[in-house]
Amino acid sequence: MSTLPPCPKCNSEYTYEDGTQLICPECAHEWSATESADAGDDVKVIKDSVGNVLQDGDTITVIKDLKVKGSSLVVKVGTKVKGIRLVDGDHDIDCKIDGIGAMKLKSEFVRKV
């Protein structure tokens, strides 16, 4: 009997094979057997609205008017933001916008320049 790798999501040891897929019965996660060899490379890739990969220090443009929560200010379409920083959470980007200050933006509302 061959030993199957544990689930990469919940580390359950009860994984089983179904064709070319490995399945965890506890969390219902499915992955291919070739992915299990690359399981240590879980790097989150953040993409902009058109699919370009974003990196720290990039310059982006806002593609939609964004209201600033708790204020009457609005970040207008076409506003350029330099030197972004990628973070984890529901808002992917930390940045400073001239005239507004420190902001958190979602990557779905920006485009890489």
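Biologist: Which residues touch the most other members in the largest nonpolar core?

Modeller: In soluble globular proteins, nonpolar side chains tend to be buried together. In this predicted model, the largest nonpolar core has 15 residues, and Ile 60, Val 75, Ile 93, Cys 95, Met 103 and Leu 105 touch the most other members. Two or more residues each come from β4 (60–62), β9 (93–97) and β10 (101–105). Three residues come from β9, which gives the most to this core.

Biologist: What does Ile 60 touch, leaving aside residues up to four places away in sequence?

Modeller: Among the residues that Ile 60 touches are Leu 54, Val 81, Ile 84, Ile 93, Leu 105, Val 110 and Val 113. Thr 79, Lys 80, Arg 111 and Lys 112 also touch Ile 60.

Biologist: How many helices and strands does the protein chain have?

Modeller: The protein chain has zero helices and eleven strands.

Biologist: Why is the protein chain described as more spread out than a compact globule?

Modeller: The globule rule gives 13 Å for 113 residues, but the radius of gyration of the protein chain is 20 Å, well over that value, so the chain is more spread out than a compact globule. Along the principal axes, its C-alpha atoms fill a box of roughly 65 × 30 × 20 Å.

Biologist: What share of the 113 residues counts as buried?

Modeller: Of these residues, 27% count as buried. The protein chain exposes about 7,900 Å², of which carbon and sulfur atoms supply 48%.

Biologist: How many positive and negative side chains are there, and how far apart do the centres of the two sets lie?

Modeller: There are 15 positive and 19 negative side chains in the protein chain, with the centres of the two sets 16 Å apart.

Definitions and conventions: Residues numbered from 1 in each chain as written. Predicted model: local features only at pLDDT ≥ 70, side-chain atom pairs only at ≥ 80, totals over all residues. Heavy atoms only, no water. Core = buried A, V, L, I, M, F, W, Y, C linked by side-chain atoms within 4.5 Å. Buried < 20%, exposed > 50% of the residue type's maximum accessible area, 1.4 Å probe, protein only. Helix = DSSP H or I, 4+ residues; strand = E, 2+ residues; numbered from the N terminus. Contact = heavy atoms within 4.5 Å. Rg over C-alpha atoms; globule rule 2.2 N^0.38 Å. Areas by Shrake-Rupley, 256 points an atom, 1.4 Å probe, with all protein chains shown as cover. Lys, Arg positive; Asp, Glu negative; His and termini not counted. Charge placed at Lys NZ, Arg CZ, Asp CG, Glu CD.
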